[in-house]
Amino acid sequence: MKKFEYMEKHGYEQLVFFYDKTTGLKGITCIHNTTLGPALGGTRLWNYEDEEAATLDVLRLARGMTYKAAAAGLNLGGGKTVLFGDASKVKSEAYFRALGRYVQTLQGRYITAEDVNTSTKDMDYVHMETDYVVGLEGKSGNPSPVTALGAYHGIRASLMKKYGDDSVEGKTFSIQGAGQTGYYLIGYLLEAKAKKIYFTEINEDHIKKVQDKYPEVEFVKPDDIYGLDVDVFSPCALGGMLNDETIPKLKAPIVAGTANNILEEEDKHGKMLKDKDILYAPDFVINAGGLINVYNELSPSGYIEEKAIREVERIYDRLLEIFDIAEKEDEHTQRAAKIFAKKRIETINHLRANYVKR
Ligand code: NAD
């Protein structure tokens with residue numbers, strides 16, 4: 001892969017490869033854009049096929065973080081770390097302390113957190129060697145309920161745009177995936193008096209957990225979730241679920257959930273939804289609750305839950321603004337969200353062109 005060409009094309013700032021001879025830690029940190037602030041993004045541990053796959057992954061994920069933070073109104077840039085390895089074999093105190101030492105070498109240009117195959121416990125080891133880590137035990141805590149809360153407000157904004165009324169009461173929902181975020185989302189919707197909720201799952205324990213706690217929520221088979229005649233389809237499982245095959249089946253006029261990269265091909269499938277007059281709440285905007293929450297750990301006054309929750313609630317206004325841009329520009333909403341994020345980065349960048357002594 002022609003790394004410099006790729007970096008130039010997408011405006012990357014830095015790509016750092018590191019290897020620790022004591023622990024065998026091998027990783028890559030990518031900093032995409034720090035116009036708004038330090039690059040923040042979790043550390044993913046994965047058994048990549050080769051270096052190229054890992055490099056592409058870290059580049060793609062770091063860029064996504066830039067847009068996510070910018071659209072969430074945070075003073076953060078986009079970054080990410082990937083580690084090469086088998087999560088069942090490589091993890092140890094020394095391994096994560098070695099990672100912390102590399103994070104420290106970036107002197108705050110990059111802040112890490114947990115991600116796939118890394119936990120808050122692992123981040124406690126990272127924290128022994130650097131302060132540039134968030135999502136620690138006893139601070140902002142588990143991001144998933146807050147991500148679900150953000151999605152709940154995003155659903156309300158979507159209802160407002162579609163029906164001119166943001167009330168969940170009397171509305172119907174289908175939830176794909178009742179894991180860390182989907183489960184909490186079901187709770188928020190029931191609390192707001194949703195009329196009917198269907199859900200699907202492939203994990204027996206997760207199915208049972210929902211059925212035990214919320215017997216009124218109806219289970220359907222995974223393939224049946226798309227064609228239900230509901231107000232909102234809420235994807236909370238894996239990415240790539242909306243594609244050429246599934247979009248034609250959709251009956252819901254709104255798609256709004258927590259899942260990342262739910263559109264298999266952003267432009268093609270974003271447009272397909274628009275052409276079917278389905279309102280799509282862009283993934284990186286509606287699922288930013290966890291990021292907003294963890295960002296609050298960096299506040300000079302320390303993490304204050306009420307403040308973080310208030311900021312998560314603003315996902316509602318942000319989505320309405322993005323829906324309006326989409327309408328005005330006659331664009332699909334995923335593209336409109338990118339326009340919104342890029343505009344914020346450009347505006348803040350220009351604003352800083354005047355010299356001000358601090
Ligand atoms: P999770 O793994 O806890 O839950 C996902 C659930 O989906 C699992 O229970 C799994 O069994 C189920 N699932 C997988 N494939 C399915 C299928 N075909 N049909 C039905 N169910 C299926 O993950 P999560 O933390 O809830 O995250 C869900 C999505 O939200 C992911 O895309 C994640 O990247 C995104 N997200 C999560 C957070 C967070 O704070 N957890 C933040 C931002 C984005």
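Modeller: What follows is a short talk about the ligand and some helix pairs.

Biologist: Before we start, what sort of model is this?

Modeller: This is a predicted model, in which local features need pLDDT of at least 70 and side-chain atom pairs count only at pLDDT 80 or more, while totals for chains, interfaces and linings use all residues. Residues are numbered from 1 along each chain as its sequence is written, and side-chain values use heavy atoms, with hydrogens and water left out.

Biologist: Okay, which residues come nearest to the ligand?

Modeller: There are 20 residues around the ligand, where being near means having a heavy atom within 4 Å of it; of these, Thr-147, Gln-180, Thr-181, Glu-201 and His-206 come nearest.

Biologist: And which polar side-chain atom lies 3.1 Å from an oxygen atom of the ligand?

Modeller: That atom belongs to Asn-260, and it makes a polar contact (a pair of N or O atoms within 3.5 Å). Thr-181 has a side-chain N or O atom 2.7 Å from a ligand oxygen, whereas Thr-258 has a polar backbone atom 3.1 Å from an oxygen atom of the ligand.

Biologist: Switching to helices, how do α13 and α14 pack?

Modeller: Helix α13 covers residues 315–329 and helix α14 covers residues 333–351, helices being DSSP runs of H or I with at least four residues, numbered from the N terminus. They pack at an angle of about 110 degrees with their axes 8 Å apart, where axes are lines fitted to C-alpha atoms over the stretch in contact and angles run from 0 to 180 degrees between N-to-C directions. The two helices, α13 and α14, are therefore roughly perpendicular, a term for angles of 65 to 115 degrees.

Biologist: Which residues of α13 and α14 meet there?

Modeller: On the α13 side they include Phe-323 and Ile-325, and on the α14 side they include Ala-336 and Phe-340, with contact meaning heavy atoms within 4.5 Å. By class, that contact has eight nonpolar, one polar and two charged residues; Ala, Val, Leu, Ile, Met, Phe, Trp, Tyr, Cys and Pro count as nonpolar, Asp, Glu, Lys and Arg as charged, and the others, Gly among them, as polar.

Biologist: What about α6 and α12, at what angle do they pack?

Modeller: Helix α6 (residues 144–163) and helix α12 (residues 305–313) pack at about 35 degrees, with axes 9 Å apart. Val-146, Leu-149, Gly-150 and His-153 of α6 make the contact with Ile-309, Val-312 and Glu-313 of α12.

Terms used: Angles under 35 degrees count as roughly parallel, over 145 as roughly antiparallel, 65 to 115 as roughly perpendicular and the rest as oblique. A polar contact is a pair of N or O atoms within 3.5 Å; within protein, one must be able to donate a hydrogen and the other to accept it, and residues adjacent in sequence count only if both atoms are side-chain atoms.
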